[in-house]
Amino acid sequence: MKKIFVFLAFISLSHEVKLEHGDKPVSALGMDPSGARVISGGYDYTVRLWDFAGMDSRLKSFRSITPCESHRICTLQYSITGDAILVASGSAQAKVLDRDGHNKMQCPKGWQYIIDMTNTKGHVSMINCACWHPKIKETFLTCSNDCTLRLWDVNEKEKQLNVIKGRDKKGRKSAISTCSFSKDGKMIAAGLVDGSIQLWKSSGPFTRSSLHQYTAHTPGTETSCITMSHDNQTLVSRGGDDTLKVWDIRSFKRPVNVATGLQNFFSVTDCAFSPDEKIIVTGTSVRKDQGKGELVFFDRELNKVNSLPVADCSVIRCYWHPKLNQIVVGLGNGKVHVFFSPRYSIRGAKLCVVKKKVQRIEDMVHSEISGPIITPHALPLFREDQPKSMKRRREKERADPKLSHKPETPAPGKGVGGRIGTGSSLGSYVRKIRAVENVDLDEDPREALLKYDKVSEYSGTPL
């Protein structure tokens with residue numbers, strides 16, 4: 001018991017930071033490898049990006065995007081280098097964004113009228129989960145309700161690398177609810193809706209699973225998470241049957257340990273290892289007004305060592321960052337909580353909680369300000385001296401070389417250097433043409449004068 005209590009001091013539960021994502025459940029959560037940024041997605045179709053170093057105590061996200069239109073976000077994960085974000089949603093097309101949330105690549109959609117799913121160029125049903133390869137930064141894996149897993153390459157935008165079919169014990173198709181790579185990238189693990197957990201070698205062949213346990217969880221329930229330890233021998237699964245199970249893949253016939261009574265209402269509820277992989281953490285779900293969702297901590301033998309009531313809602317996503325020693329939790333009320341310890345955690349949330357709130361213009365507009373608002377240049381101290389009489393003002397303008405500058409006269413002849421010429425302007429040309437048109441060379445000047453004499457006689461006015 002002494003060792004347990006010593007280790008519990010290392011669990012970062014003493015302080016927390018609350019990030020406001022929205023009003024609907026947070027169904028996707030991720031952190032970059034350095035721990036500088038957090039990304040969250042939810043049932044409101046929105047993805048928010050948070051930067052610990054750039055935030056102050058107001059804890060506002062620096063970007064909000066809707067990458068998949070009206071589809072809820074299922075998975076958000078940074079690549080191993082942190083320069084790309086994998087997005088899986090309720091649509092059949094996964095997306096890859098750059099670090100700042102701009103679209104980088106979109107998987108093609110398959111043709112749903114083909115029976116053999118290996119002959120389509122992409123998924124035809126909603127994607128349930130996606131993950132990056134732990135060693136190859138361009139490769140990622142997706143699983144879908146179309147009963148397939150597909151391997152992709154970011155540089156190959158028009159086709160997948162390989163297709164893996166999910167089948168139950170009788171060889172029938174079965175939808176795949178979650179997927180994961182082993183830490184060395186040599187194995188692919190998947191949880192199927194028929195309750196089975198199956199593993200394939202990532203190098204192939206994919207015609208049949210290398211390891212399988214068809215009774216891992218209750219048939220018809222969605223296994224929400226599968227994760228493997230760094231020794232690539234221990235596998236932990238979070239079931240839709242309210243259980244958490246630890247497996248040894250060297251002896252995959254039965255689970256090593258089982259924890260029951262962990263309510264799970266979401267198909268994306270997480271389970272995760274601590275940085276030293278001695279502790280396993282998962283979240284629990286609750287009905288509305290029926291208690292608090294908890295973070296529950298187990299040792300490797302699934303003995304409960306601690307629990308933390310978080311909020312009056314379900315705890316869906318949880319991520320324990322290995323470098324920061326901070327736990328990020330996504331909740332059913334649309335909030336993201338970050339738990340840390342001032343003593344045992346580094347950087348991350350500790351960077352923004354100590355920053356003072358920056359006073360900005362938009363905050364001043366909405367704040368209560370007593371008295372009139374005076375602009376600085378309206379005060380007499382900053383007002384420029386105005387001349388009291390027009391005479392002094394004219395003398396001042398005359399002394400100013402810019403205001404008293406005489407305009408340049410037109411250049412004689414054709415224009416030169418941007419100056420208009422006296423004989424080459426459009427107006428002068430038009431005047432010359434009009435003058436020539438009005439001159440009647442055949443008319444006698446004497447007759448032209450006499451015609452006005454007849455007009456003056458008719459009107460009685462002497463010419």
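A residue is called buried under 20% relative accessible area, exposed over 50%, and partly exposed in between (1.4 Å probe, protein chains only). By this definition tryptophan 111 is exposed, with a relative accessible area of 53%. The structure is a predicted model, in which local features need pLDDT of at least 70, side-chain atom pairs count only at pLDDT 80 or more, and totals for chains, interfaces and linings use all residues. Residues are numbered from 1 along each chain as its sequence is written, and side-chain values use heavy atoms, with hydrogens and water left out.

- Residues 169–201 are 0% helix and 52% strand, with end C-alpha atoms 19 Å apart; helices (H or I, at least four residues) and strands (E, at least two) are DSSP runs numbered from the N terminus.
- Residues 226–257 are 0% helix and 44% strand, and their end C-alpha atoms lie 15 Å apart.

**The sheet E2-E3-E4-E5**

- Four strands form an open sheet in the order E2-E3-E4-E5, with antiparallel pairing; two strands pair if DSSP finds at least two bridges between them.
- Strand E2 (26–31) and strand E5 (63–65) are the edge strands, each pairing on one side only.
- Neighbouring strands of this sheet are turned by 15° against each other on average, direction ignored; axes are lines fitted to C-alpha atoms, for helices over the stretch in contact, and angles run from 0 to 180 degrees between N-to-C directions.
- Strand E4 (residues 47–51) pairs with E5 in the antiparallel sense over three bridges, and leucine 49 has arginine 63 in E5 as its bridge partner.

**Aromatic pairs**

- The whole structure holds six aromatic pairs; rings of Phe, Tyr and Trp (its six-membered ring) pair if their centres lie within 6.5 Å, and planes under 30 degrees apart count as stacked, over 60 as edge-to-face and the rest as tilted.
- Tryptophan 111 and tyrosine 113 form an edge-to-face pair, 5.8 Å centre to centre with 75° between the planes.
- Tyrosine 113 counts as exposed because its relative accessibility is 64%.
- Tryptophan 132 and phenylalanine 140 also pair edge-to-face, at 5.5 Å centre to centre and 70° between the planes.
- Tryptophan 132 is buried at 5% relative accessible area, and phenylalanine 140 is buried at 0%.
- Ring pairs link Trp132, Phe140 and Trp152 into a cluster.
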